[in-house]
Amino acid sequence: MTVKTLQVLRYSIINGFQDAAAMFTPKTYLTGWLLRVLSQVTFFALIGSLLGSEETTHFLLVGNVVAVGAMVVHSVSASTVWERWAGTLPLLFAAPSRPLIVLMGRSFNWVPDAMFSATGALLIVGPIFGLPMPWPEVLWVLPLLLATIIATYGFGLFLGSMSIRAPESRNFISRVATTVTMAICGVNVPVDFFPGAVQAVAYSLPVTHGLLAIRSVLDVSSASVVLAHLSAALLTGAGWYAVAIISFSLFEARSRTTGSLEFG
Amino acid sequence: MSAFWAALRFQLQLMRSNPDYLLDIATAPVYTVIFLSIVKHADRPDLIAHAVLAPALITLWWQSLMASGEVIDTDRYYGVLEPLLATPSSLHSIVLGRIAGVTLLSLVAFAESWLTARVLFGITVQISHPGWFAIALIATTAAMAGTSTIMAGLFVRTRTARTFQNSLSYPFFVLGGVMVPVALLPDWAETLSRVVFLSWSADLLRDSLAAAPVENPIGRVMIVLTLGIVGAALGKKLIDELLERVRGLGTLSQV
């Protein structure tokens, strides 16, 4: 990666943060968005209370904390389209640097957002439902959460590469991805509850492995088990980064060839 | 009345052409899978009715509040609001017609949930008291339309309301007892939940599915309807005040 590429990436990331700052003030973020996130995790933890099982309550709570992180990162689907709506795509295509770099960086603001939302939910809702946080193992939860979110950003970029082709479907794509994640990735029930084909889809997503790593830490499993799950999360994440790069590149090539950037 | 029906038809056509309007309807089966898998995994067949009703109520609330809330605001955005106000038809009839279109369409989620349970889990959810279920559903739909007018008024009055649009979901799913009955909430939250019509609707709909006799159904239906009427009145007041102000100042397109 050249210095110039890194500079373009840096400016794109800053651009994304500016977008985020225009959406929320710290006050509206805390009273609006965070309230929703805390309620979402509480909603699912309460189902555990309805079932009368403390173990299930904690399972649902941890699963939905991580799902919140994935949900935020899936917003890449929408923010990628914002670039198209801003009318800047043709200019980016005409510039000497590759638009791919800009598109990969301009949504990075969702990563710290996802981290803050998920960590906030864990630290606020967790104690309310008596979630055990074994010391010092719990210290590993935050880096594992960050690794899961960064790996999931690769999948988010892939979603972005789909939504840029069909801008009207941007929210549809992210919502379906999020609810399917909540359904099959071990968020609310173990992955092996589902048939083999569904499990295969679940294990292709980094969030499934990242969540297993976090659950393993909280269950005080051995370091090798945690590392195995973490490695799988990073590997599948890397796979999605590669798929996203290919997908964006194909979009770029097709748009240049057919002149359909603003129409296709 | 013709304006009401025309607005209803227009809203249904509008929703057919924009995938965003169908978001919640599209994800209702996935939510059904989520809730049913939780209760099946926990081996709690007694909670299957909760799991099938919850996604339908979530869709009804989410879809109605989101789409209805934007009815006036998007008209203003597209520059349709001014000519609309210049017509002899009442804005309230039009807004109510469009909100009714949104709310009616979201009822599809009930069929989706039942169908998902049947096809994917082989579960047929029986309705033990179909009469009370139908009455509760009609009252819920009416109350939802009434409550949605508050959002239509709020969204057009203040930009801040839009920031909180996304936050109107899960706090109300908790307070509305859509999956977990509000009786299980702490006392302060249960008290608060009683002004949310959804909490009465969810309990009543669940009770109408169960074999046991439905307790005090008329009283509960009346509470749902009353809360819906209060919502509609509040929404009307918000819209009326806004219109009076902007007509006086000539600033309709600037609100």
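What share of the contacts in chain A with a separation of 6 or more comes from residues 24 or more positions apart? In this predicted model, the figure is 78%.

**Chain A overall**

For 264 residues, a compact globule would come out near 18 Å in radius of gyration, and chain A, at 19 Å, agrees with that. Along the principal axes, its C-alpha atoms fill a box of roughly 60 × 45 × 35 Å. As for burial, 48% of the 264 residues in chain A count as buried.

**Helix α11 of chain A**

One helix worth a look is α11(A), residues 206-218. It has 13 residues, and at 1.5 Å a residue these should span 18 Å; the end C-alpha atoms sit 19 Å apart, which agrees. Is this helix enclosed or open, and why? 13 of its 13 residues are buried, so α11(A) is largely enclosed by the rest of the structure. Just past the helix, A:V220 takes a positive phi of about 55 degrees.

**The core**

The largest nonpolar core holds 151 residues. Which members touch the most others? They are A:V41, A:V66, A:I214 and B:L57. Helix α3 of chain B (residues 48-69) gives this core its largest share, 14 residues.

A:V66 is a handy one to click on. Leaving aside residues up to four places away in sequence, its contacts include A:A118, A:L145, A:T148 and A:V187. A:V66 also touches A:V207, A:G210, A:L211 and A:I214.

**Where the chains meet**

The contact between the chains draws 30 residues from chain A and 28 from chain B. On the chain B side, α2 (23-41) and α10 (170-175) each supply at least two residues. The largest share of that side, 10 residues, comes from α2(B). And what is the chain B side made of? Here is the split by residue class:

| Class on the side of chain B that touches chain A | Count |
|---|---|
| Nonpolar | 18 residues |
| Polar | eight residues |
| Charged | two residues |

Conventions
Residues are numbered from 1 along each chain as its sequence is written. Chains are lettered from A and ligands numbered from 1 in the order in which they are written. This is a predicted model: local features need pLDDT of at least 70, side-chain atom pairs count only at pLDDT 80 or more; totals for chains, interfaces and linings use all residues. The radius of gyration is taken over C-alpha atoms; the globule rule is 2.2 Å times the number of residues to the power 0.38. A residue is buried if 20 or more other C-beta atoms lie within 10 Å of its own, exposed if 12 or fewer, and partly exposed in between; C-beta atoms are placed from the backbone. Two residues are in contact if their C-beta atoms, placed from the backbone, lie within 7 Å. Helices (H or I, at least four residues) and strands (E, at least two) are DSSP runs, numbered from the N terminus. Ala, Val, Leu, Ile, Met, Phe, Trp, Tyr, Cys and Pro count as nonpolar, Asp, Glu, Lys and Arg as charged, and the others, Gly among them, as polar. The expected span of a helix is 1.5 Å times one less than its number of residues. A nonpolar core is a set of buried Ala, Val, Leu, Ile, Met, Phe, Trp, Tyr and Cys residues joined through C-beta atoms within 7 Å.
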